[in-house]
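Here is a short report on one protein chain. Keep the sequence and the 3D view at hand while reading.

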Amino acid sequence: MSRAFLFVLDSFGIGGAPDAKEFGDEGSNTFGHIVEACAAGTGDRAGLRSGPLHLPNLKALGLFHAAHLASDLPLPPEPLVPSGLWGAAEEVSKGKDTPSGHWEIAGVPVTFNWGYFPQQIPTFPDSLVADAMGRAHIPGILGNKHASGTDIIDEYGEEHIRTGKPIFYTSTDSVIQIAAHEVHFGLDRLYELCAVLRELVDPLDIGRVIARPFIGETRETFTRTGNRRDYSVPPPEPTLLDRLTDAGRMVIAIGKIGDIYAHRGVGQVRKANGNMALFDETLVAMDDAQDGDLVFTNFVDFDMLYGHRRDVPGYAAALEAFDRRLPEALAKLRPGDLMVLTADHGCDPTYKGTDHTRERVPVLCYGPDLPHASFGIRPTFADIGETVAAHLGIAPGLHGRSFLKGTGDIAPNA
């Protein structure tokens, strides 16, 4: 037996999705446009970073080859032969959000349509607001519209403190988000409110209710904390996580992974705030993992702090910081281990709006025993989960196909 490590760089798409136009995302390319911006100098920020994007370790694992395959991104001069298995994957789920991407990665594509709130003010149905006020004993709500999470706290945070009314908002994702002050409103009270809303929006097929706590006393000092909590609909059928747990394996969920799967199939949950803290927790979990276990981490900052905020220098700097630490994880791999780096969707920081973008994602695999080869463009993210399942020796699921030698259809070296 051996171990597996599955790392999702949240929103790190590489363009080229054949159905991007259907989602209004034609031409989006998170990685490709960051590369172009950095080469042109628009990825520079004083005191943060400057110059071309520098990702030597991801490059060695085949990132640029995967992007070239997915969206014709030019290969760098004298490209190295990638040191593992590499390729790209397309999403078949009907959404381009976090649950859709993660569930499909874990072998369960989303074949149904999520519910969404309309682009109007007020956004939420009067009946939903009235039920929330009655069941959660709140005096009313603020916001009630589509908004950026930081902007809406700036706009309503002081009024929220004065009135005790929580801030309700949404996006083009299937989500209702509730921001409230950790002290003046109370963190436990915010969680209880979100649990009530989870029940209320079930008939509307809303994917997530997200608690967005913050601190500070004025607009200038408001800061969101790391105590976010997602209340998700459970996946419609057993995921890779459930199947591993049923087989007696340990699934160690780092960051928001537990929330995304409604804590189904999760043996341990380890929280941390920020990519580097998440990396620290992941390294500890890698030491703790036993034969047959899975460590599953979501690195949320790429999406939450930089993609949605359309911050090219910030996204570039975060990628470079991740790349610098990647050798620490690679050094912990033992014979028989498998590490997979991928993404759940795109969030092109150069694209219009502030929402996710429909893109292919990189799939970079490394382990001491793996060959150096390309497996091409996979027709579904579910192939990632089935590859992990095959590696860990459990029965295949209903969707997807492993690309490991002897278990699927791995392509020759490319």
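## Overall fold

This is a predicted model. The chain holds 13 helices and 14 strands. Its radius of gyration is 21 Å, close to the 22 Å that the globule rule gives for 414 residues, so the chain is as compact as a globular protein of that length. The C-alpha atoms fill a box of roughly 65 × 50 × 40 Å along the principal axes.

Of the 414 residues, 59% count as buried. Take the contacts between residues at least 6 apart in sequence: 69% of them join residues at least 24 apart. The accessible surface is about 15,800 Å², and 52% of that belongs to carbon and sulfur atoms.

## Nonpolar cores

The largest nonpolar core has 84 residues. Phe-31 and Leu-294 have the most contacts inside it. Helix H12 (residues 312–330) gives the most to this core, with seven residues. A second, separate core has 25 residues, including Ala-136, Ile-141, Val-196 and Val-209.

Leu-294 touches residues from several parts of the sequence, among them Phe-5, Leu-244, Ile-252 and Leu-392.

## A buried arginine

Arg-358 lies in the loop between strand E12 (338–342) and strand E13 (361–366). Is Arg-358 buried or exposed? Arg-358 counts as buried because its relative accessibility is 3%, under the 20% cut-off.

What does the side chain of Arg-358 join through a polar contact? Its partner is the side chain of Asp-19, at 2.9 Å. A polar atom of the Arg-358 side chain also lies 2.9 Å from the backbone oxygen of Ser-93. Other residues that Arg-358 touches include Phe-23, Asp-25, Glu-91 and Lys-96.

Note on methods
Residues numbered from 1 in each chain as written. Predicted model: local features only at pLDDT ≥ 70, side-chain atom pairs only at ≥ 80, totals over all residues. Heavy atoms only, no water. Core = buried A, V, L, I, M, F, W, Y, C linked by side-chain atoms within 4.5 Å. Buried < 20%, exposed > 50% of the residue type's maximum accessible area, 1.4 Å probe, protein only. Helix = DSSP H or I, 4+ residues; strand = E, 2+ residues; numbered from the N terminus. Contact = heavy atoms within 4.5 Å. Polar contact = N/O pair within 3.5 Å; in protein donor to acceptor, adjacent residues only side chain to side chain. Rg over C-alpha atoms; globule rule 2.2 N^0.38 Å. Areas by Shrake-Rupley, 256 points an atom, 1.4 Å probe, with all protein chains shown as cover. Lists of a residue's contacts leave out its neighbours within four places in sequence.
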